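Visitor: I'm new to this one. Can you put it up and take me through a few details?

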Amino acid sequence: NGLDIVGRLYFPPTANVIINTTAVFVQGQLDMTEPAPNNAVKLTLYGVEDQYLYPYTACSGQHDATCMGRQNLGTKPIAVAGGRLNVIARSPDCHSWTHLVEHVSDTELEVSPAFAACVKVGDPLLIASASNIWSDEKHRNVAAVNSVTGILTLDTPISTTTDKLPGTNGPGEPEFAVEVATLSRSVVFH
């Protein structure tokens, strides 16, 4: 039961797969590179029963309940047990968040061109709260991207109690600029 990687499992950029499993044990090597556009690798864990790791050397490569070396790791574990995990899910040049430069309009936000270059149409965004109320964040999807100007067009308008969200260009001090994060991930562990 579960995905027990003893050798090497490699997901190339062309991989577009959903794996449903009760556990992931990495005793060998798990490699994933950044998936190609419109591709994703999703590992979904399910179940309510405890999962056991059978260390390859201690249990002679057998999943035998009498093995004294087996370890109970609970439900839905992801464990690197003497192995190596090498996951490159996103280009190192693509940050997951940035400061808002300017709230251009109800449907347009200006961010850095470098951040905008990593965002795609349809990506979900989290726009952090501009107030001291932590639950005042906004979730929107990207409708259009201009990576030259850094303008992100949103699928639905942002209504605020103030005229504009604070950005590094104002209103207010640059250090209080709202953060904008992309929630898009091409490699997902559930």
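Visitor: What meets in a salt bridge with Asp31 here?

Guide: The side chain of Arg8 does, with 2.5 Å from N to O. Keep in mind that this is a predicted model.

Visitor: Where do Asp31 and Arg8 lie?

Guide: Asp31 belongs to strand 5 and Arg8 to strand 2, so the contact ties together parts that are 23 residues apart in sequence.

Visitor: And Asp31, is that buried or exposed?

Guide: Asp31 is buried, because its relative accessibility is 4%, and the cut-off for buried is under 20%.

Visitor: What about Arg8, buried or exposed?

Guide: Exposed: the relative accessibility of Arg8 is 55%, and anything over 50% falls in that class.

Visitor: How many salt bridges does a search of the whole structure find?

Guide: The search turns up 1.

Visitor: What holds strands together in general?

Guide: Backbone hydrogen bonds pair the strands of a sheet, in a parallel or an antiparallel way.

Visitor: What order do the strands of this open sheet have?

Guide: The order is 2-5-10, for 3 strands with parallel pairing. At the edges are strand 2 (8-11) and strand 10 (84-87), each of which pairs on one side only. On average, neighbouring strands in this sheet are turned by 5° against each other, direction ignored.

Visitor: New topic, rings. How many aromatic pairs does the structure hold?

Guide: The count of aromatic pairs is 0.

Visitor: Okay, then what sits over the ring of Tyr52?

Guide: That is the charged end of Arg70, which is 3.9 Å from the centre of the Tyr52 ring.

Visitor: One more place. Where is Pro113 found?

Guide: Pro113 is in helix 1, which spans residues 113-116. With 37% relative accessibility, Pro113 counts as partly exposed.

Visitor: Which residues does Pro113 touch, leaving out those up to four places away in sequence?

Guide: Pro113 touches Ser147, Val148, Thr149 and Gly150.

Visitor: And how far apart are Pro113 and Ile151?

Guide: In sequence, Pro113 and Ile151 are 38 residues apart. In space, their C-alpha atoms are 7.9 Å apart.

Conventions
Residues are numbered from 1 along each chain as its sequence is written. This is a predicted model: local features need pLDDT of at least 70, side-chain atom pairs count only at pLDDT 80 or more; totals for chains, interfaces and linings use all residues. Side-chain values use heavy atoms; hydrogens and water are left out. Two strands pair if DSSP finds at least two bridges between them. Helices (H or I, at least four residues) and strands (E, at least two) are DSSP runs, numbered from the N terminus. Axes are lines fitted to C-alpha atoms, for helices over the stretch in contact, and angles run from 0 to 180 degrees between N-to-C directions. Rings of Phe, Tyr and Trp (its six-membered ring) pair if their centres lie within 6.5 Å; planes under 30 degrees apart count as stacked, over 60 as edge-to-face and the rest as tilted. A charge sits over a ring if NZ of Lys or CZ of Arg is within 6 Å of the ring centre and within 35 degrees of the ring normal. A salt bridge is a side-chain nitrogen of Lys or Arg within 4 Å of a carboxyl oxygen of Asp or Glu. Buried means under 20% relative accessible area, exposed over 50%, partly exposed in between (1.4 Å probe, protein chains only). Contact means heavy atoms within 4.5 Å.
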